[in-house]
Amino acid sequence: FTNSERTCDKEFIIRRAATNRVLNVLRHWVSKHSQDFEMNGELKMSVIYLLEEVLRDPDLLPQERKATANILSALSQDELEDVQLRIEDILQMADCPKAECFESLSAMELAEQITLLDHIVFRSIPYEEFLGQGWMKIDKTERTPYIMKTSQHFNDVTLV
């Protein structure tokens, strides 16, 4: 190898390693902390723009292209889920239950639907609220509003 070939090869390897590292960080961030993107539209658009730029790189390896597309897909999927129910919508539904609706459902069907709604409720709690046991403090309503709403929701459902 000549000096220029070695330099090109070294630069290529460094670029690939840097790209893979950035993609791994973004993949982890999007999959484990999706609420960051749900709460900050500007951040989400910046990451989407960055990923679209990465996809334009002609030297991108197939596995890097696939990883980038998967991250973009995950961010787009979050947009679809945002259109669905929010915790406030679910809590509002609990205010006006109709007995005839429940009588027509089997116990299994009712349990499945309650579980699906509970999943949405749990997902809507920002992960920061779990830090420092804020729900145990005097100002718990201000520090952990979603945990308090969730707790009230479960008390209402179980009639406690």
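Arginine 143 and aspartate 139 join their side chains in a salt bridge, with N and O 3.8 Å apart. The model is predicted. Arginine 143 is partly exposed, at a relative accessible area of 40%. Aspartate 139 is also partly exposed, at 34%.

**Salt bridges**

The count for this model comes to five salt bridges.

| Pair | N to O distance |
|---|---|
| Arginine 15 – aspartate 57 | 3.2 Å |
| Arginine 16 – aspartate 57 | 3.6 Å |

Take arginine 15 and aspartate 57, whose side chains meet at 3.2 Å. This pair links distant parts of the chain, 42 residues apart. Arginine 15 sits in helix H1, residues 3–32. Aspartate 57 sits in the loop between helix H3 (41–55) and helix H4 (62–83).

How accessible are the two partners? Arginine 15 is partly exposed, with a relative accessible area of 39%. Aspartate 57 counts as buried, because its relative accessibility is 16% and the cut-off for buried is under 20%.

Aspartate 57 also forms a salt bridge with arginine 16, with the closest N and O atoms 3.6 Å apart. Again the pair links distant parts of the chain: arginine 16 is in helix H1, aspartate 57 in the loop between H3 and H4, and 41 residues separate them. Both aspartate 57 and arginine 16 are buried.

Which residues are linked in a network of salt bridges? The members are Arg15, Arg16, Asp57 and Glu64.

**The nonpolar core**

In soluble globular proteins, nonpolar side chains tend to be buried together. The largest nonpolar core here has 10 residues in all. They are Leu23, Leu26, Val30, Phe37, Val47, Ile48, Leu51, Ile71, Leu72 and Leu75. H1, H3 and H4 are the elements that give two or more residues to this core.

Leucine 51 is one of the core residues. Leaving aside residues up to four places away in sequence, leucine 51 touches Leu23, Leu26, Thr68, Ile71, Leu72 and Leu75.

**A positive phi**

Most residues other than glycine have a negative phi. Glutamine 133 has a positive phi of about 50°, although it is not a glycine. Where does glutamine 133 lie? Glutamine 133 is in the loop between helix H7 (107–123) and helix H8 (140–143). Its relative accessible area is 46%, so glutamine 133 is partly exposed.

Notes. Residues numbered from 1 in each chain as written. Predicted model: local features only at pLDDT ≥ 70, side-chain atom pairs only at ≥ 80, totals over all residues. Heavy atoms only, no water. Salt bridge = Lys/Arg side-chain N within 4 Å of Asp/Glu carboxyl O. Helix = DSSP H or I, 4+ residues; strand = E, 2+ residues; numbered from the N terminus. Buried < 20%, exposed > 50% of the residue type's maximum accessible area, 1.4 Å probe, protein only. Core = buried A, V, L, I, M, F, W, Y, C linked by side-chain atoms within 4.5 Å. Contact = heavy atoms within 4.5 Å.
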